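Dear colleague,

Please find the structure below, together with its sequence. My notes on what was found in it follow directly after.

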Amino acid sequence: MATLHTPPSQKSQVPPPDTALVPPHTSQYDYRTGDLELGREAVLTDLRRYLQVPFVSLAKCVGAVPSQQRLEEKHDHLIRSEVLTNDGLEWKDFIRPANMSEEMTFKLEGIISGILEQVPDCGVSYLSNMLLSERHNTSLPDGYLVRAKNRTAARMHWFDIAVPFGFKKERDAKAVRDNEHKMIWSLHNIMREDPCRRFAFGITIEDTQLRLWLGNRGFLAVTEPINCFENIDGVISLFYALGFASASTSLKGLGWDPTVERIYVGGKMQYKFTVGDEVFTTTRELATYGADYMVGRGTRVYEATDTKGKKVAIKDSWREIDHQSEGEIVEKILASCEKKLEAKDFADAKRHFVGVRLWKDVTIDGASDETVNPVAGDEYDGTWKWKPIDLMPILPERLHSSATGDVPDSSKLSAFLSAQLGIVGRKETRIPQRVHARIVFHDVGVTVKDLISLADSLSCLSGGLKGLYYLHKAGWIHRDFSVGNVIWVVGDNGGIGKLGDFEYAKEINSNTSHDDQTGTMHFMAIEVEHQQYLFQTLAPAPTYGDTDVPSPPPFRMNFLHDIESVWWAYAWIFFYHTDTITANSNDSFDVDAQSRQHQLAFPGAIRRPTRRDFFTGITKLRHTCKSILSDRCFKVCDNLALFAWTLQASYLKAEAEHPLIVLDDSLREDMHAKAAEYLDYAQKEAGDIKLCRLFDLRRQKRPREEGETSPTPDNAGKRI
C-alpha cells in the first residue's frame, strides 16, 4: 500500500522541542571541568534570556501578601523593634544612605529577621555569608534564607538554601551584570543539585534597587527594580510573603516538593518518590545530567525499588504543558500495535519497547504541579518582555574549548551566539509553561552510549531498530532515536535492546505538526535538519512563459528519517571510540585525526555542510573509515558506507515523483530488512572488542586493558 505525502500540517502552537538542536553548553566539556567561570558561561549561554515582569506580578506568586491592617501592625512592631524610625518612613540604620556599604549584608539581617519573626511558624531564617571583602568562594550567594533547622549547620548545602541573595554597592551596568550572573548561578545550582526543588526565588540589590527573581523549568524571571529604601511597604510585604510561604513543614511555597523525601541509606543520600499511590526508593542515579540545563525538562532518571523490593526505573521530568505524557503516548502506540500487528509480532514489539509500569502527573494539594505564570490572566500589554542576558565581558575574554564529552562540539561560542539569542528578538505573547510528571518503567538497563562491549552496543542498536520496525508498521514514527534512547536490558535469557523515550513519537498520518526539527542533533536525519526533501531527481526543465509555479510540498518526517538516525548512531559508535587493543598499542593510530573527523561528522550545530557531506559522500566516507578508524573497528563497520548508500537509494525512490512523496509498505520492509542485515553483520564481526572513548584515551595515563571489567558506575550519567 502506498502512502502519499500527507496534507499540510497546521503551524505548531507549542514552544520549540525540548531536544535541543544545538546541544546545551551545560552538557559539554567546559561546564564539566569544574571551573567556575566556564560553568557560569555555559549556564548563561544556554539560558540566553530572562522574562522581565512588574514587581507586583512576581511578588504575588510568592504567597499571601498582608492586608493593609496587618501591614500597619507590622509597621508598629518594626518601630517598637527600632527597625523603622518613629514615623515609620525610613529604615533606622539606613537613613538616606549615599550608597551601600559592605556591612549592609549584616545590617539587613536585622531588617529581614524583624519582619520574619512576625510570621507565625516561619520556617526560614536569614544568614549573611560574610563581608564581601573577605569572600573567597564567589560561587556562594552573599546571603540567603535557609531552613530554620539548618541555621547553625557547620556547612551550608545548596539544598538547604531557600532564597539566595546578591548585593552590590553600585548600580552601574557592570554591578548589575555581575549580580545577575551570580544570581543565575545560584538558582541554577539549587535547581541542579536538589531533586526536591520545583522552583526557587532569589533577591538581588544594587545600591538601593531590589529585584525579585524566579527560576523554574519553564523560564527565568526577574522583576523591574523597586527602591528598597523608599518602597518600605513593598519590602515588608515581600519578606512577610516569603516567611508565610515557609510556614508549612514541607516548605512547598518556596519550591520544595512534598512528594519527594531525601533519606540516607547506608550513609548514602537517596530519595523517596511518590507516584500516584505508590512510593519508590532510589538506589542509584542512572542519568541526572538533564537537570544541568536550568530551563527545560530537567530530567532525572534513577534505579529504584518499590515497597516490595522490586527493581524499577523512575523518570522525573517537566514536559511542555500542551504535550501528552510519555505514558499516554506509549499506551496509544501499544493500542495501534495490537490493532495492526499479528499476535506474535505484538508480543515481540512489547519485548522491544521499554515497559511502562505507571505514570502520573505530580499533584500537590490536589492540583497539578505546573510552572507558575506570573502574568496569568493578563493580556499582553507590553508590561512584561523577554530580555537577552548580557554575556559581556565573558565573550571577549573566553571562547568555548573544543568539547570532548558525551555530546562533543567542535564550534566556538561565537558561532552559536546569533542562533542562541535570536529568539529574544521575536515578539512573543505567551509564557512557556510546563507540567511536572513521573513515569515508572519495568526495565532497568544501560544506554548504548554507556556500553563498553562493542557486540553489546550493536546488539542493543539492533534491538532498537526492531522496536522502530514495529513502531513504523503500526503507523508511528519515533522522531528522536539516539544512543541515549535505546536501553540494553540484561535478563535471565541474556541482553536485549529496547526502544525508549517516546515523548515525540507521532502517528504518521497525524494532523498535528511534523515540521518541527525534532530530535537529538547528532542523530537527526539530514532532511529533518534542513526541513526539506533533498533526494528527488532532477525536475523537468521550466518552459518559457510558464507562470504557474507550484509550491513545494510541506516537509514531514517519515520512517526513513528514523532509520537514518539509526545509521548516525551506528557511525557515532565507531567515530567516538576505538578498540582497547589499539588504544594500548604503540602503533601509528592517530587519535587526534579521528577526533577531528568525529567533530566534522558530529559538529553539534544545525546545517553544517561537513555533516551532510559525511552522509552523502559515499566514496569519501568509505575512504575515511578505512584511513581513520583502527583496523579492528573498520573490519566491523566496513558496511557503513553501504548502509548510507542504501538509505539514499530509498530516499530517491520515495521522492522520485516529487512533489509526490511515496512511502509504501515494500519500501519500509526492504529498508528495515537491509538495515537489520547490516547491524547483524557488524555484531557478528565485533567478537570480544571492548571500546575506549577517544576522550579517555587522550587524557588517561593507562587505557583500559583488553578484557578488563568495568561495570557501570553508581554515578553513571551524573554531572562531573
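Which handedness, left or right, does the crossing of α18 and α20 have? The crossing of α18 and α20 is right-handed. Please note that this is a predicted model, and that the descriptions below should be read accordingly.

**Helix packing: α18 and α20**

Helix α18 spans residues 618-628 and helix α20 spans residues 640-654; their axes lie 9 Å apart, and the packing angle is about 160°. Because the angle is over 145°, α18 counts as roughly antiparallel to α20. On the α18 side the contact is formed by Ile618, Leu621, Arg622 and Cys625, while α20 contributes Leu640, Ala641, Ala644, Trp645 and Gln648. Sorted by class, the contact of α18 with α20 comprises seven nonpolar residues, one polar residue and one charged residue.

The loop that lies between α20 and β26 (663-664) contains Pro659. The peptide bond joining His658 and Pro659 is cis, with omega at about 15°.

**Helix packing around α14**

From α12, the residues making the contact are Leu454, Ser457, Leu458, Leu461, Leu465, Leu468 and His472; from α14, they are Phe559, Asp562, Ile563, Val566, Ala569, Tyr570, Ile573 and Phe574. Twelve of the residues in the contact of α12 with α14 are nonpolar, two are polar and one is charged.

**Aromatic pairs**

The structure contains 25 aromatic pairs. One of them is formed by Trp567 and Phe615, in an edge-to-face arrangement with 5.1 Å from centre to centre and 70° between the planes. Trp567 belongs to helix α14 and Phe615 to helix α17, so that the pair links distant parts of the chain, 48 residues apart.

**Individual residues**

Thr281 is part of strand β12, which covers residues 278-287. Setting aside neighbours within four places in sequence, Thr281 has contacts with Ile263, Tyr271, Lys272, Glu303, Ala304 and Thr305. Between Thr281 and Ile263, which are 18 residues apart along the chain, the C-alpha separation is 9.1 Å.

Asp365 sits in the loop between β16 (363-364) and β17 (367-368). Its phi is near 55°, a positive value in a residue other than glycine.

**Confidence**

The mean pLDDT of the chain is 83, and 81% of the residues reach 70 or more. Residues 131-137 have pLDDT below 50, and this stretch makes eleven contacts in the model beyond near neighbours in sequence. Residues 395-427 likewise have pLDDT below 50, with 77 contacts in the model beyond near neighbours in sequence. Where pLDDT is low, the predicted coordinates should not be read in detail.

With kind regards

Conventions:
Residues are numbered from 1 along each chain as its sequence is written. This is a predicted model: local features need pLDDT of at least 70, side-chain atom pairs count only at pLDDT 80 or more; totals for chains, interfaces and linings use all residues. Side-chain values use heavy atoms; hydrogens and water are left out. Axes are lines fitted to C-alpha atoms, for helices over the stretch in contact, and angles run from 0 to 180 degrees between N-to-C directions. Helices (H or I, at least four residues) and strands (E, at least two) are DSSP runs, numbered from the N terminus. Angles under 35 degrees count as roughly parallel, over 145 as roughly antiparallel, 65 to 115 as roughly perpendicular and the rest as oblique. A crossing is left-handed if the near helix is turned anticlockwise from the far one by less than a right angle, and right-handed if clockwise. Contact means heavy atoms within 4.5 Å. Ala, Val, Leu, Ile, Met, Phe, Trp, Tyr, Cys and Pro count as nonpolar, Asp, Glu, Lys and Arg as charged, and the others, Gly among them, as polar. pLDDT is the predictor's confidence in each residue, from 0 to 100. Rings of Phe, Tyr and Trp (its six-membered ring) pair if their centres lie within 6.5 Å; planes under 30 degrees apart count as stacked, over 60 as edge-to-face and the rest as tilted.
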